[in-house]
Amino acid sequence: MTTTASPLTDDRRKVLQRRIRFIVAFTIGYNAIEAVIAIAAGTAASSAALIGFGLDSVVEVLSAAAVAWQFTRKDPERYEKPTLRVISISFFLLAAYVIVSALLSLGGVIEPEHSTVGLILTAISVVIMPAVSLFERRTGRELGSATAVADSKQTLICAYLSVAVLLGLALNSLFGWAWADSIAALVIAGFAIREGIEAWRGDTCATPIGMLLDEDEDHHEH
């Protein structure tokens, strides 16, 4: 038997919106630090994989910043569509870089090198990013925010990329398999493209805030 979810109260909606702002603020701060460390470590080790990982963190900051900006507006639901567009584009940019980097690595043009800092950094991200993604996704679904759900997917992409880079660095360090992270990266790129298309269309797991408000207004009118 199915049950109909109760409409959100104004107080609950405000709590959820504050929670979203906290999540994206943490995501922006964490990924900014991660980007600096990864790019610096990647440059020092001549590791395209780590540099790419750092650039991915920059894309993640862009996505989180878009949601943060939306929820600083007086009526965040009005900015749902343009914010989804920004998140969608960030998915495509991430996929494009990963594909190019993977193909260059597979072609032997670039090869990731050993980096202890990179191994530690990606291992930490593998633990933190899925937890942040789950927290934001649950909050976004309760709030009915398509942008928050889309941003949580972007965070999950970051976690997948962390796994790919971690495995790639580890296998390259242990066995000299420079191609391992490239194969995993191509799988991630395909997933990123799919999520980018869904975000562009607004086809996410959550109902946009504006639609919920419209439903509330309909209930009040009746």
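Buried here means under 20% relative accessible area, exposed means over 50%, and partly exposed is in between (1.4 Å probe, protein chains only). The model is predicted, so to speak of its local features takes pLDDT of at least 70, side-chain atom pairs count only at pLDDT 80 or more, and totals for chains, interfaces and linings use all residues. Residues are numbered from 1 along each chain as its sequence is written, and side-chain values use heavy atoms, with hydrogens and water left out.

Searching the whole structure turns up 3 salt bridges, a salt bridge being a side-chain nitrogen of Lys or Arg within 4 Å of a carboxyl oxygen of Asp or Glu. One of them joins Glu142 to Arg12, at 2.7 Å from N to O. Glu142 belongs to helix 4 (residues 116-143) and Arg12 to helix 1, so this pair ties together parts 130 residues apart in sequence. Helices, for the record, are DSSP runs (H or I, at least four residues) numbered from the N terminus. Arg12 comes out as partly exposed at 29% relative accessibility, and Glu142 is partly exposed too, at 34%.

Next up is the bridge between Glu198 and Lys153, at 3.5 Å from N to O. Here Glu198 sits in helix 6 (residues 180-201) and Lys153 in helix 5 (residues 146-175), so parts 45 residues apart in sequence get tied together. Lys153 is buried, at 14% relative accessibility, while Glu198 is partly exposed at 22%.

That leaves Arg13 and Asp10, whose side chains meet at 3.6 Å, N to O. Both are in helix 1 (residues 10-44), 3 residues apart, which means about one helical turn separates them. Arg13 is buried at 11%, whereas Asp10 is exposed at 54%.

Note on methods
Helix = DSSP H or I, 4+ residues; strand = E, 2+ residues; numbered from the N terminus.
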